[in-house]
Amino acid sequence: MATYGISGTVGPTLVAALAAWVSPATAALTLAAGCFIAAAVIRFLPYAPAPGKAADVPRPLRTLTGILASGPLRRTLYLTVTVAFSVAALPIAAVAGTPALGVSASAAGLLTAAYGLGNLAGSAGVMIRPSRAEADRLTTRLAATVGATLLLTILAPSFPLALAAYAATGIANAYFFAATLAARNEYAPDNTRGQIFVWVGALKITAGSAGTAAAGALIGTSLLLPLLLATGLTLTATLLSSAERHHRRRGPHPDLPLPKAPRSDQTTRAPGTGRTGGRAST
């Protein structure tokens, strides 16, 4: 989790610095070289056999159907997508909102940097003290926290308070992301875990791109509209997940994780104990 936060913060900073000091081409070549180095280094990691046979891996449609059929995975999916869509509005809102804070548009870079540093700090916090709360409930609570910090970015009356609000959003999003990783790992069956990680990650990236595009289209209408929409969507998704869980718990068929394939190492794990310090993915 910490390495994900470091790469998400240091990477863009390094590219921006190289583009300014040398040239954009040098920055692009540095990124390409980093990929080659990572590909070589990863070959030194110990080999881990797949948890199931290749024939047992479900097709994409079956994987998506399985996600939607499992309450915890379904809630993880739409909370992940909603939060990714919402926080993607922050860079657009930062550029457009700086005049109202009494600073120049170039100060928007400080706001986005504050968000990135907050994300890095949150990632380190997860590594130092991972949460042991139930992953399904934790994702809902942390998504609500992200929504609350987005609201703070709207209400911030001054530039220093806006910096603090952006940093708080980065911290909250780092903890939320770690909780979604724990939920995917906790509730996904062994033979579909890889596919579920990939599908949720791909939809998250798509939602982030859509959020940036939507913010860019709406910012001309109102400076606050993108962040208001982001906050409203995030808080609505958290209320929906909470209401859904409460309804299922009281109904005759409560949500259960998808059936898991037998583990090759025969280890057991206490149900409902997701740790947010697990391996990072998109």
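This is a predicted model: local features need pLDDT of at least 70, side-chain atom pairs count only at pLDDT 80 or more; totals for chains, interfaces and linings use all residues.

Visitor: Why is the contact of D136 and R75 called a salt bridge?

Guide: The term requires a side-chain nitrogen of Lys or Arg within 4 Å of a carboxyl oxygen of Asp or Glu. For D136 and R75 the N to O distance is 2.8 Å, so the pair meets the rule. By this rule the count is five salt bridges.

Visitor: What makes the D136 and R75 pair a tie between parts apart in sequence?

Guide: D136 lies in helix α7 (residues 135–155) and R75 in helix α4 (residues 71–87), so the pair ties together parts that are 61 residues apart in sequence. Helices here are DSSP runs (H or I, at least four residues), numbered from the N terminus.

Visitor: Which salt bridge does E244 form?

Guide: E244 pairs with R75, the closest N and O atoms being 3.3 Å apart. This pair links distant parts of the chain, with E244 in helix α10 (residues 225–250) and R75 in helix α4, 169 residues apart.

Visitor: How do you know whether R75 and E244 are buried or exposed?

Guide: Buried means under 20% relative accessible area, exposed over 50%, and partly exposed in between (1.4 Å probe, protein chains only). R75 has 2% and E244 has 14%, so both count as buried. D136 is buried too.

Visitor: What are E134 and R137 called on that scale?

Guide: E134 has a relative accessible area of 29% and R137 has 33%, so each is partly exposed. Their side chains meet in a salt bridge at 3.0 Å, N to O. Elsewhere, salt bridges that share partners join R74, R75, D136, E244 and R245 into one network.

Visitor: Why are α7 and α8 called roughly antiparallel?

Guide: The axes of α7 and helix α8 (residues 159–187) come within 8 Å and cross at roughly 160°. Axes are lines fitted to C-alpha atoms, for helices over the stretch in contact, and angles run from 0 to 180 degrees between N-to-C directions. Angles over 145 degrees count as roughly antiparallel (under 35 roughly parallel, 65 to 115 roughly perpendicular, the rest oblique), so α7 and α8 are roughly antiparallel to each other.

Terms used: Residues are numbered from 1 along each chain as its sequence is written. Side-chain values use heavy atoms; hydrogens and water are left out. Helices (H or I, at least four residues) and strands (E, at least two) are DSSP runs, numbered from the N terminus.
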